[in-house]
Amino acid sequence: DDKKVWNMGNEYLYGRSFLIVPVTQPFYARGEKETSSVDFSRVQRYPVYLPEGADWYDFWTEEKIVGGTNLQREVPVDVMPVYVKAGSIIPSSTAVQYASEKNWDRLELRIYPGASAEFDLYEDENDGYAYEKGIFSIIKIQWNDAARTLTLADRQGEFPGMLKRRTFRITLAGENKTTKEIQYNGKLITINL
């Protein structure tokens with residue numbers, strides 16, 4: 001509903017949770033002149049607009065920022081401005097090159113508070129078309145922001161080779177950062193954060 005973003009061409013949403021601001025060229029502030037060579041050791045400040053209607057977290061620092069804000073983000077050469085919408089659940093794991101490289105028995109769920117959220121963790125055999133016949137599993141995950149609880153529902157479905165147990169590292173992002181590890185065996189569990 002924020003009309004300021006309707007024709008904005010230098011930012012984009014990646015899914016429902018990530019706001020990406022690619023820095024593709026040097027940004028010159030008013031009064032500065034463009035030069036033929038770029039000094040990559042200089043930390044630039046790049047304009048970012050965070051849409052209203054939600055709060056946003058800086059992905060790198062976890063600083064919470066109110067939506068509808070214009071800011072000048074410092075952008076060293078190795079950091080692209082990325083923001084996560086409050087009310088997001090972001091799963092992650094160690095880096096892999098292909099799906100079956102590692103056992104996915106340890107996953108992190110990073111919760112960005114400020115609104116309630118839900119996420120379906122979908123898994124299948126990694127290869128083939130058995131999922132078309134219903135051979136997959138889903139774990140419904142819900143964050144209740146008012147109660148500060150995360151619920152992992154009973155696992156629905158199964159497939160050959162599926163992990164029966166898994167460790168989840170639950171991280172509540174932001175200034176009151178909290179981390180808990182839980183063991184999940186496919187049955188409903190609720191965690192207070």
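Analyst: A polar atom of the Glu11 side chain lies 2.7 Å from the backbone nitrogen of Tyr49. A polar contact is a pair of N or O atoms within 3.5 Å, one able to donate a hydrogen and the other to accept it; residues adjacent in sequence count only if both atoms are side-chain atoms. The model is predicted: local features need pLDDT of at least 70 and side-chain atom pairs pLDDT 80 or more, while totals for chains, interfaces and linings use all residues. Residues are numbered from 1 along each chain as its sequence is written, and side-chain values use heavy atoms, without hydrogens or water.

User: Where does Glu11 lie?

Analyst: Glu11 belongs to the segment that comes before β1 (12-14). Strands are DSSP runs (E, at least two residues), numbered from the N terminus.

User: Is Glu11 buried or exposed, and which side chain of opposite charge is nearest?

Analyst: Glu11 is buried and has no salt bridge. The nearest oppositely charged side chain is that of Arg73, 11 Å away. Buried means under 20% relative accessible area, exposed over 50%, and partly exposed in between (1.4 Å probe, protein chains only). A salt bridge is a side-chain nitrogen of Lys or Arg within 4 Å of a carboxyl oxygen of Asp or Glu.

User: Which residues does Glu11 touch, beyond those up to four places away in sequence?

Analyst: Glu11 touches Leu19, Ile20, Val21, Val48 and Tyr49, where contact means heavy atoms within 4.5 Å.

User: Back to Arg73. What is its salt-bridge partner?

Analyst: Arg73 pairs with Asp58, and their closest N and O atoms are 2.9 Å apart. This pair links distant parts of the chain, since Arg73 is in strand β6 (residues 69-75) and Asp58 is in strand β4 (residues 56-58), 15 residues apart. Arg73 counts as buried because its relative accessibility is 13%; Asp58 counts as buried because its value is 3%.

User: How many salt bridges does the whole structure have?

Analyst: A search of the whole structure finds 10. One of them joins Asp120 and Lys140, with the closest N and O atoms 3.2 Å apart. Asp120 is in strand β10 and Lys140 in strand β11, 20 residues apart, so this pair too connects distant parts of the chain. Asp120 is partly exposed because its relative accessibility is 40%, and Lys140 is partly exposed because its value is 44%. Elsewhere, salt bridges with shared partners join Glu62, Glu108, Arg110 and Lys177 into one network.

User: What about Lys64 and Asp55?

Analyst: Their side chains meet in a salt bridge at 3.8 Å, N to O. Lys64 has a relative accessible area of 44% and is therefore partly exposed; Asp55, at 24%, is also partly exposed.

User: And Ile65: buried or exposed?

Analyst: Ile65 is buried because its relative accessibility is 12%. Ile65 lies in strand β5 (residues 64-65). Setting aside neighbours within four places in sequence, Ile65 is in contact with Leu50, Asp55, Trp56, Leu71 and Tyr83. Its C-alpha atom is separated by 9.5 Å from that of Ala86, 21 residues apart along the chain.

User: Changing topic, where is Tyr131?

Analyst: Tyr131 is in the loop between β10 (117-123) and β11 (137-144). Tyr131 counts as partly exposed because its relative accessibility is 35%.

User: Which residues make the nonpolar surface patch?

Analyst: Tyr122, Tyr129 and Tyr131 make a nonpolar surface patch of about 340 Å². Such patches join nonpolar side chains (Val, Leu, Ile, Met, Phe, Trp, Tyr) within 5 Å, from residues with over 30% relative accessible area and no salt bridge; like charges are joined within 9 Å. Accessible areas come from the Shrake-Rupley method with a 1.4 Å probe, and for residues only the protein chains shown count as cover.

Technical notes
Helices (H or I, at least four residues) and strands (E, at least two) are DSSP runs, numbered from the N terminus. Lys and Arg count as positive and Asp and Glu as negative; His and the chain ends are not counted.
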